[in-house]
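Please read them with the structure open beside you.

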Amino acid sequence: MLLRGQLPNLLPRLCALRPSLAMSSATGTFTTDQPLNYRAGARVQPVDGGPTENVYEPATGRVISKLLCSGEKEVDLAVQSAKAAFKVWSQMSGMERSRVLLEAARIIREQREEIATLETINNGKSIFEARVDIDICWQCLEYYAGLAGSLAGEHIQLPGGSFGYTRREPLGVCAGIGAWNYPFQTACWKAAPALACGNAMVYKPSPFTPISVVRLAEIFTEAGVPKGLFNVVQGGVATGQFLCHHPDVAKISFTGSVPTGIKIMEMAAKGIKPVTLELGGKSPLIIFSDCTLENAVNGALMANFLTQGEVCCNGTRVFVERKILDVFTKEVVKRTQKIKIGDPLLEDTRMGALINRPHLDRVQGFIKQAKEQGAEVLCGGDLYVPDDPKLKNGYYMRPCVLGNCRDDMTCVKEEIFGPVMSILPFDTEEEVVERANNTRFGLAGGVFTRDIQKAHRVVAALKAGMCFINNYNISPVELPFGGYKASGFGRENGRAAMEYYSQLKTVCVEMGDVESVF
């Protein structure tokens, strides 16, 4: 997701890459055999590593690393390391923590190009987008550094000179479980408020994108956090289960699918642990006939094709008022067909590769089913093979626009998580609001209109946690982000996130003698 003002300011630049990463700025040249776990301030191999999984470069289909999954002993060591660091970190003042977070932000900003390149290689998104992601990361750390010193309770005057007060206290060791579409950014969104509140964190990235988060752990150590404050364990389902069940984990923050979110809630319930869940979406984007057409088209493209469509809050149900359906659809198709697909490390590429072959096949399956159910493929939807021979095994497809869609189609009801836009006509405001809310999801929604009263009226009626008016996928770190219904609960970003990484203690002070009723 993007910050306002970022896109026009993205200028190409090449920086020297850190030799320790053994990487090149060219697609198809990166490999690493460094350990991908991070514990007590250093990269380590898990002490009880389970199955080994391949890590791929989506742009080429090449294996770039081997992932050794962490077992129960390694997870315990990581948690104990975090627990020890928490004792030191939680006793520091907010201002002391703030200075460390600001230093981490400075390092990320300084190494922007290196980290963005690493993200692109492991994720497949364009370097153009990855740079924006990294900018959001250092801004997130700066934002929570600014809030770290403001954590405070309140004083309450009671009768007879007695009083009470409240304290905001950290939770302890928090577990972060991240997604593969924004690996580095998701880790920062979870770690920044957690650390600002005085917590420690053990983070498990997706096994598809394990590489860049380890760099974040190194940066925290370089910035001056106690060794072990931010640890990384790698693995899949089993590793996540060990982390969620661990008795010394105080809270779980998860970004990912609804089915996995349900399982995490079940595991957390056994330990009475608070959870933050940022899950899937099938968000509505409502285009009224009185919109500025060019702006609405831009918004629809932003709402569907960022990161190859692999964005949880994308507005993939595009409701268009019938009066402008034809002209809007024609312009969207024309613009979609011009999107430059290919090597994600090239400066002019705007759509890279999907995360892996199984996911590409899944997205293709949705398009096939949509056609069988009566949808019309207006453009794209087919596999794309770049001219560059080194990219022939990459996971590319042309962005797809579907017309003639109905609300009961699978492509309209289910999250595809790929570059597939479904266009649906509507006639009235009341009708479209009812249809927009007819979903089990509630992550986001958007409205394009020049009638500002109507805009506010519609977003007030939408059952969604993040709404956009005349823009889409603009997510400043100052604003809380999260969903309604099956899209989860709790919030990332904004001051609201601090509440989910701290707990309130009440203290009652009696200034006179205690009067006993016994």
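1. Thr307 is buried, with a relative accessible area of 0%, and this residue sits in the loop between α9 (293–305) and β13 (317–321). Although Thr307 is not a glycine, its phi is positive, at about 50 degrees; please bear in mind that this is a predicted model. Most residues other than glycine have a negative phi.

2. Asn473 is likewise a residue other than glycine with a positive phi, in this case near 60 degrees. Asn473 belongs to the loop between β18 (466–469) and β19 (488–489), and it is buried, with a relative accessible area of 0%.

3. How do the axes of helix α3 and helix α6 cross? The axes of α3 (residues 112–123) and α6 (residues 211–223) come within 8 Å and cross at roughly 155 degrees, and because angles over 145 degrees count as roughly antiparallel, the two helices are described as roughly antiparallel to each other.

4. On the α3 side of this contact are Glu114, Ile115, Leu118, Glu119 and Asn122, which meet Ile211, Ser212, Arg215 and Ile219 of α6. Sorted by class, the contact comprises four nonpolar, two polar and three charged residues.

5. Three strands form an open sheet in the order β5-β6-β20, with antiparallel pairing. The edge strands, β5 (155–157) and β20 (502–509), each pair on one side only, and the twist from one strand to the next averages 20 degrees.

6. Within this sheet, strand β6 (residues 163–170) pairs with β20 in the antiparallel sense over eight bridges; for Thr166, the bridge partner in β20 is Thr506.

Note on methods:
Residues are numbered from 1 along each chain as its sequence is written. This is a predicted model: local features need pLDDT of at least 70, side-chain atom pairs count only at pLDDT 80 or more; totals for chains, interfaces and linings use all residues. Side-chain values use heavy atoms; hydrogens and water are left out. Axes are lines fitted to C-alpha atoms, for helices over the stretch in contact, and angles run from 0 to 180 degrees between N-to-C directions. Helices (H or I, at least four residues) and strands (E, at least two) are DSSP runs, numbered from the N terminus. Angles under 35 degrees count as roughly parallel, over 145 as roughly antiparallel, 65 to 115 as roughly perpendicular and the rest as oblique. Contact means heavy atoms within 4.5 Å. Ala, Val, Leu, Ile, Met, Phe, Trp, Tyr, Cys and Pro count as nonpolar, Asp, Glu, Lys and Arg as charged, and the others, Gly among them, as polar. Two strands pair if DSSP finds at least two bridges between them. Buried means under 20% relative accessible area, exposed over 50%, partly exposed in between (1.4 Å probe, protein chains only).
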